[in-house]
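Subject: The structure we talked about

Hello,

Here is the structure that I promised to hand over, and below it you will find what came out of going through it. Please keep it open beside this message while you read.

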Amino acid sequence: MKYRKKPVVIEAMKLTRKCSDVAIDFIGKENIASFNLGEFIEDACYIEIKTLEGTMRASEGDWIIKGIKGEFYPCKPDIFEATYEAVL
């Protein structure tokens, strides 16, 4: 059998150095295992998120998605673009 994913509206934001503080507020400190906001050019900018499947890393350029039950998880840009579209 074949199945189609139900249409669900989610909240998401792209992790960038400029919005890394906003991303921490979006996720909530209780859902973060560790982070590096990339204060210097050579530093990697990432946030390690506590997910239902364990700790996962969102790197600069990745999307951070808030799921339908309030959970957070990272998503690579190509997967995000293939799966989601903006809601007007």
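This is a predicted model: local features need pLDDT of at least 70, side-chain atom pairs count only at pLDDT 80 or more; totals for chains, interfaces and linings use all residues.

When residues up to four places away in sequence are set aside, Thr-51 touches Met-56, Phe-72, Tyr-73 and Pro-74.

Taken along the principal axes, the C-alpha atoms fill a box of roughly 50 × 25 × 25 Å. Of the 88 residues in the chain, 32% are buried. If you consider the contacts between residues at least 6 apart in sequence, 35% of them join residues that are at least 24 apart.

Next come the charged pairs. Side chains of opposite charge can pair when their charged atoms come close. How many salt bridges does the count come to? The count comes to three, and I will take them in turn.

In one of them Arg-17 pairs with Glu-60, with the closest N and O atoms 3.1 Å apart. This pair links distant parts of the chain, since Arg-17 sits in the loop between strand E1 (11-14) and helix H1 (20-27), while Glu-60 sits in the loop between strand E4 (54-59) and strand E5 (63-66), 43 residues apart. Both partners are partly exposed, Arg-17 with a relative accessible area of 27% and Glu-60 with 39%.

Another salt bridge brings together the side chains of Lys-76 and Asp-62, at 3.0 Å from N to O. Lys-76 lies in the loop between strand E6 (72-75) and helix H2 (77-83), and Asp-62 lies in the loop between E4 and E5, so the pair ties together parts that are 14 residues apart in sequence.

Arg-57 counts as partly exposed, with a relative accessibility of 41%.

Then there is the question of empty space. Rolling a probe the size of a water molecule over the atoms shows where empty space is left. The largest pocket has a volume of about 420 Å³, and of the 16 residues that line it, the closest to its centre are Val-8, Val-9, Ile-10, Thr-83 and Tyr-84. By class, its lining is made of ten nonpolar, two polar and four charged residues, and H2 gives the most to it, with three residues.

Tyr-84, one of those lining residues, is found in the segment after H2. Leaving out residues up to four places away in sequence, Tyr-84 touches Lys-5, Ile-10, Ile-65 and Tyr-73. Tyr-84 and Ala-12 are 72 residues apart in sequence, yet their C-alpha atoms are 10.0 Å apart in space.

Two more residues deserve a look on your screen. Trp-63, in strand E5, is buried, with a relative accessible area of 17%, and, with neighbours within four places left aside, its contacts include Ala-12, Tyr-73, Pro-77 and Phe-80. The C-alpha atoms of Trp-63 and Ile-79, which are 16 residues apart along the chain, are separated by 9.5 Å. Ser-20, in helix H1, also counts as buried, at 4% relative accessibility. Beyond its neighbours within four places in sequence, Ser-20 is in contact with Leu-15, Leu-37, Cys-45 and Ile-47.

Best wishes

Conventions: Residues are numbered from 1 along each chain as its sequence is written. Side-chain values use heavy atoms; hydrogens and water are left out. A salt bridge is a side-chain nitrogen of Lys or Arg within 4 Å of a carboxyl oxygen of Asp or Glu. Helices (H or I, at least four residues) and strands (E, at least two) are DSSP runs, numbered from the N terminus. Buried means under 20% relative accessible area, exposed over 50%, partly exposed in between (1.4 Å probe, protein chains only). On a 1 Å grid over the protein atoms alone, a cavity is a set of points where a 1.4 Å probe fits but cannot get out, and a pocket is an open set with protein on both sides within 12 Å along at least five of seven lines; lining residues have an atom within 4 Å of a point. Grid points are joined across faces, edges and corners, and a volume is the space filled by probe spheres set on the points. Ala, Val, Leu, Ile, Met, Phe, Trp, Tyr, Cys and Pro count as nonpolar, Asp, Glu, Lys and Arg as charged, and the others, Gly among them, as polar. Contact means heavy atoms within 4.5 Å.
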